[in-house]
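Subject: A structure to look at

Dear colleague,

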2 protein chains.
Amino acid sequence: MNTLKEGVTAPQGFLASGINCGIKEKKFDLALIYSKIKATTACLYTTNKLKSAPIVVTKEHLWKNKKASAIIINSGNANTCNGIKGIKDAKAMAVTIASYLNFQEKEVLVASTGIIGTPLPIKRITRGTKELVNKLSENGGHDAALAIMTTDTVPKEYSCRFKINNKVVTIGGMCKGAGMIHPKLATTLAFITTDISINYKLLKEALKNSVAKSLNLISIDGDTSPNDMVAILANGKALNDRIVQKDNNFYKFQKALDEVLINLAQMIVRDGEGATKFIKLHIKNAKNYSQAKKVAFAIANSPLVKTTFFGEDLNWGRIINAIGYSDTYLDINKVDIYLGNILIVKNCLKVSFHKNKLKKILQEKEIYLKIDLHEGEKELTIWTTDLSLDYVKINSCYPT
Amino acid sequence: MNTLKEGVTAPQGFLASGINCGIKEKKFDLALIYSKIKATTACLYTTNKLKSAPIVVTKEHLWKNKKASAIIINSGNANTCNGIKGIKDAKAMAVTIASYLNFQEKEVLVASTGIIGTPLPIKRITRGTKELVNKLSENGGHDAALAIMTTDTVPKEYSCRFKINNKVVTIGGMCKGAGMIHPKLATTLAFITTDISINYKLLKEALKNSVAKSLNLISIDGDTSPNDMVAILANGKALNDRIVQKDNNFYKFQKALDEVLINLAQMIVRDGEGATKFIKLHIKNAKNYSQAKKVAFAIANSPLVKTTFFGEDLNWGRIINAIGYSDTYLDINKVDIYLGNILIVKNCLKVSFHKNKLKKILQEKEIYLKIDLHEGEKELTIWTTDLSLDYVKINSCYPT
């Protein structure tokens, strides 16, 4: 499998672009992804009861067809809690793109991200659409990735290439972070393109599987956004034998899609709001998946654990404490904790270890934390961040 | 009902003291409460699977008797994750007190608070016990309240007095904050003394009721400690007709106990780690208690809501967003939000309001936030704080 530099324009038959249309002062704020051939499309949405207008419109558009030709995305405004006007504006975004590119409005997915409850400056968006369409290019993926950023400090793109029966297949993707990150089925905005030929049912299943191993295993602050959406467009341009059953080719595709989504998910964590640490949290020997996940997220979402990592000091009692209040039955007296590969807690008791060695591990930007529950045989790894002064600064000053 | 200045020594027959025994450098770190008459005692414990050694010992002591004569508490060390030595040390604390005061070790409750996983400096504690006993006095409640502080900036005491059949009854209490505060049955350390005569069953029931209305309705950081304990000692010195049924006198007592615990709970929130805001969060017209509580704590525990209050700017989208992901079914489009008494969101849509008026409310130290769910008739008020730069500073530098 080869890793590439480009994102959503890496697969054949996809163009993209990004511009500033005036929602933000200078930065790019409007992105477009376009497939020359109508693509089989699967989508996962936020589980928040509060849903943005573009989520409502996109769901309606995909309801029957499961096909799309384009995705338009704006940043700087979530178009959420805007009532009827919100829905109208989201539809207008689709209509304008469809008329420029000469297909049905139902073939357009719409997404927004940014501040909640401020009316979308729709005129700026529709006015900008012409430029957006004109800029469409085979190298436009990076501009599109720039245009969906909110508090992200870097754009997030990933793609890879593999072969099915001698046909080259490519998957590309982009996503945004960087706060309000807590997985509930789907989290954040992520857009995946691929030129594979596959039926809708298997495309959706593969997406679900990959999201479960990636975006659903990260947490920055425990907040779930009303705008979350993960969409995948498969346009068949690779001309492989269409995947219609769970054969070897399906599993090849699944593996590649896992790689793309896991890498994108990790980029979100690495660029988490104010994050100074990337924490790989490995739960070993859990009774089952549910127990592993409950323990992992109790630790990952504890402000006290997060601040102890920010302080580069190991108040390990906070970790064992979070395991203790996680919502699952377990024998706390069997728990072992490793930092890096150093055993620091054995059977819930402190082990004497080399303080300087530990200090050095804590000063690294990437930290590996392993919890052995000795309850069964299930393993799970999730990714999270520390809680820093900058997280509070960023979020207490977010413009309203 | 009269409010008094003293805490645990306000009721008749109780003495208390506080000293520095050397766990901390200078500050008081060891407290004693003593009842001249063996007192009927009820206790609620943390629901964390990780339990401190003193919790284990106290449970064992109260198992049969439901009677106690003293409580010894140290701060600066949680005596948690210390294995067999932890249990021995907690027992030694009880034994030493019992021998000085000439009663059985089973009559002593033990509590600890502070860092997890560091062996208790038991020699300093037993050496200090003589001074602690010598200092016992009718005015010692304040010293005891000082000695149980951890990151608290002020001691927390409250008491009140009322009459039952012409007999004066007093309830006094003290507690500590100020982080790892999230209610699960009982939270934090709180010690209540009263001279009422009441049977064990009703004392326990009254304590449970009051805790549900007070300590269980606060949240600072969503972390639950392994050392939490709420104990009440009733020594009967008021000589009222013993309360043995749920008559008017019981309800009088319940009301007074509510007052003491609600005031103590609010003191914890006001002194929350790094807190700059005291937020009174009122949920109106919920379908039931469970829904009200789920919505309330989703808001109270959201780092994004907390930081927006710290920033004194109203990113109300974060509030409606937290309601949206709270774990309860509701129609988000019916939700109204009030800040102070200003309606800012009606039916999930922004209402135009006077920006300067709002700014002024946000700058106050006490903030009233009301959420009307329009789902039923249940009301609930909880208390919480903002998330400030100082919270992160305090918790990233907590000595280990």
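Buried residues make up 59% of the 400 residues in chain A, and please keep in mind throughout that this is a predicted model. For a chain of 400 residues, a compact globule would have a radius of gyration near 21 Å, and the 22 Å of chain A agrees with that. Along the principal axes, the C-alpha atoms of chain A fill a box of roughly 70 × 50 × 35 Å. Chain A holds eleven helices and 16 strands, and of its contacts with a separation of 6 or more, 80% are between residues 24 or more positions apart.

The largest nonpolar core has 257 residues, and those that touch the most other members are Leu32(A), Ile320(A), Leu32(B) and Ile320(B).

Turning to the two chains together, 49 residues of chain A are in contact with 50 residues of chain B. On the side of chain A that touches chain B, α8 (303–310), α9 (317–325), β14 (349–350) and α11 (389–396) each supply at least two residues, and the residues of that side divide into 22 nonpolar, 20 polar and seven charged.

How are the chains related? A rotation of 180° with 0.0 Å of shift along its axis superposes chain A on chain B, with an RMSD of 0.0 Å, which is the relation of a two-fold axis. In chain A, the C-alpha nearest the axis belongs to Leu389(A), 2.8 Å from it.

With best wishes

Methods
Residues numbered from 1 in each chain as written. Chains lettered and ligands numbered in written order. Predicted model: local features only at pLDDT ≥ 70, side-chain atom pairs only at ≥ 80, totals over all residues. Core = buried A, V, L, I, M, F, W, Y, C linked by C-beta atoms within 7 Å. Buried ≥ 20, exposed ≤ 12 C-beta atoms within 10 Å, placed from the backbone. Contact = placed C-beta atoms within 7 Å. Helix = DSSP H or I, 4+ residues; strand = E, 2+ residues; numbered from the N terminus. Nonpolar A, V, L, I, M, F, W, Y, C, P; charged D, E, K, R; others polar. Least-squares fit on C-alpha atoms with pLDDT ≥ 70 in both. Rg over C-alpha atoms; globule rule 2.2 N^0.38 Å.
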